[in-house]
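Work through these exercises with the structure open beside you. Try each task before you read its solution.

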Amino acid sequence: MRFSVLSESLSGMEATAKRLDLTGILVDLFGKTPPGVLPAIVYLIQGKLRPEFEGVELGVAEKLAVRAIAKSSGASASKIEEAYRDGGDLGLAAAAVLGRKAQTTFVAEPITVERVYETLMRIARLEGQRSQDMKVKHISSLLNDASPQEAAYVLKLLLGTLRLGVAENTVMDALAAAFTGDKGNRPALERAYSVSSDLGSVAAAAAAGGLGALAEFRVSAFSPVRPMLAERARDAAESVAKMGGAAEGGRGGEFAAEFKLDGERVQVHVSGGRVQVFSRRLENITPQYPDIVERIPGLLGADEAILEAEAVAVNADTGEFLPFQELMHRRRKHNVDRAVSQYPVTINFFDVLYADGRSMLDEPYSERRRLLEEIVRRDGGEGGGRGTGLEFAACVPMSMVGDAGGVEDALENSISAGCEGLMLKAPGAPYQAGSRGSHWLKLKREYRNELGDSLDLVVVGAFFGRGRRAGKYGTLLLATYDDTRDAFPSVCKVGTGFTDEDLDQMYQLLSPRVTRRKNPRIDSQMEADVWFEPELVVEVVASEITLSPVHRAAMGAVRRGAGLALRFPKFTGRTRQEKSAEGASTDEEVVALYRGQRKVAAEDAAGRG
Ligand code: ATP
């Protein structure tokens, strides 16, 4: 397949922000793609080479790209950098200098998607001393044969600067339309994607065998399952009411309350003595947990399993749980051994998704929990007690219809055990991979106060600080995630709660994400000083949610022409790097909080009156 077909589509996609147009371009592109090339196309349009969990990264620096462009075009590095400075895009700078050369030389054989993809894969795999020179060689060989437009896209792919604003849902819509004839079949793709986390192989299956082939997708070890997520409940009474509604078959009111531990969610895959650990975002984080990886096979009464757990940092002497931040020290590439001994963890299992060839996804929670306790032998860590061992998330089965008092007690117990609240789970519910629903509810103590509630929001822009904050991002523009539009509407500006250290860290985290233009998925009327790729998620609290003429979150959901905004937002000090932007608080959640606070205000007024 000619690479020019792909680069034409990419250029069309860059020029539009409308989801329908994007879908149309994709349907057309998929229609022109031979089946063998389809997975590559699906990864490339998402700016990837392979699914997230395989961790294949291109890692080409601008300097290296400049060297390759110089080699192919004969232009000097300073000339290329000048063109880059003028236009702000190295891909376009390359197109310009190579274009000048193209007028004078004979263009070789057209490049294909297959060749570009294979070259990019080869570059990603190169390591070691001579790798830089080899990379330059590979890139320049592609550039030699590329048209200026193709060269621009080869470079954007290499540098990770392709900004299409196309989300997984849009890709799935287009795949459903192209290969099953109906966009309405997206759920079949979502299901396959939820159990495989590999959109490339889902696309290949859809193209080869339509709905029938999609139905064949099964859970298997080392393909992470997209996590089931919880809705929040405001207080014990609301959670009991919601559980009554969620539990089906006349068992209203029966549920289990597990402690909600404050750590990192891990999905542990085991097969044939091999162990891999995946994060909530499905990255392979096995190297962060060598201590766990070593112990698990010996403690498992199954040869193959997929288990879910919360990893929590602990004080090895007292067994006390430590704050979530402590765990993030393990997120490093070097000196992992030191981090492992300095930051011991306990792994608290709460679910089993697969065991010895049997998918547990459609089994009820009660059965999954039973099996979990059957196949995992807890080890309580060295010296016994809670220590640094493998545990189960404490679980209190409840069968008291409508009894909010029992939930209150369990909540108090969980807080005094160093947890952040409860996870309430309906016993009859299957594991709903990749979706947030009311079969799991989270109840945190803070939700019970005013809005003291925390929200996880996406940093989309920033305003430069003054005085002590000069040169740093003094105020951040934050957005929710609107999953129906697949957009990030702004919900507040936040400038409080940052220590000097936080500000430095923010600058480091955000500056690589700066974009020249606002990403089309960002919906904001404000003009930020800088825009970011919507990726970083931070936690904020606020005093209240109000209607807003400026912010765009939940636009029109409460009142026509008005959005919702956070009042007096404050950064809690916590960045949520384990969350993706699509995992941030949604418009729906913000509307629910807005309505909840109105209800409480009305009840308070009635109580006083
Ligand atoms: P939060 O920001 O509140 O941690 P989240 O968006 O990461 O939530 P949710 O599904 O909304 O994810 O909340 C459940 C989260 O709580 C899980 O992702 C998991 O990391 C954590 N957790 C802690 N203890 C448990 C438990 N016993 N069962 C399920 N999840 C638990």
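Buried means under 20% relative accessible area, exposed means over 50%, and partly exposed lies in between. The model is predicted.

**Exercise 1. Find which helix and which strand the salt bridge between arginine 368 and aspartate 351 links, and say whether its residues are buried or exposed.**

Solution. 
- Step 1: Find the contact. The two side chains meet at 2.7 Å, N to O.
- Step 2: Place each residue. Arginine 368 is in helix H17 (residues 365-375), and aspartate 351 is in strand E6 (residues 345-355). They are 17 residues apart, and the pair links distant parts of the chain.
- Step 3: Apply the cut-off. Both arginine 368 and aspartate 351 are buried.

**Exercise 2. Stay in helix H17 and describe the pair glutamate 367 and arginine 370.**

Solution. 
- Step 1: Check the distance. Their side chains form a salt bridge at 3.0 Å, N to O.
- Step 2: Count along the helix. The two residues are three apart, about one turn.
- Step 3: Compare with the cut-offs. Glutamate 367 has a relative accessible area of 18%, so it is buried. Arginine 370 is at 42%, so it counts as partly exposed.
- Step 4: Widen the view. A network of salt bridges links Arg358, Glu363, Glu367, Arg370 and Glu374.

**Exercise 3. Explain why the salt bridge of arginine 19 and aspartate 173 ties together parts that are apart in sequence.**

Solution. 
- Step 1: Start with the contact. The side chains of arginine 19 and aspartate 173 meet at 3.3 Å, N to O.
- Step 2: Locate both ends. Arginine 19 lies in helix H2 (residues 19-32) and aspartate 173 in helix H10 (residues 168-180), so the pair joins parts 154 residues apart in sequence.
- Step 3: Aspartate 173 has 8% relative accessibility, so it counts as buried.
- Step 4: The whole structure holds 37 salt bridges.

Methods: Residues are numbered from 1 along each chain as its sequence is written. This is a predicted model: local features need pLDDT of at least 70, side-chain atom pairs count only at pLDDT 80 or more; totals for chains, interfaces and linings use all residues. Side-chain values use heavy atoms; hydrogens and water are left out. A salt bridge is a side-chain nitrogen of Lys or Arg within 4 Å of a carboxyl oxygen of Asp or Glu. Helices (H or I, at least four residues) and strands (E, at least two) are DSSP runs, numbered from the N terminus. Buried means under 20% relative accessible area, exposed over 50%, partly exposed in between (1.4 Å probe, protein chains only).
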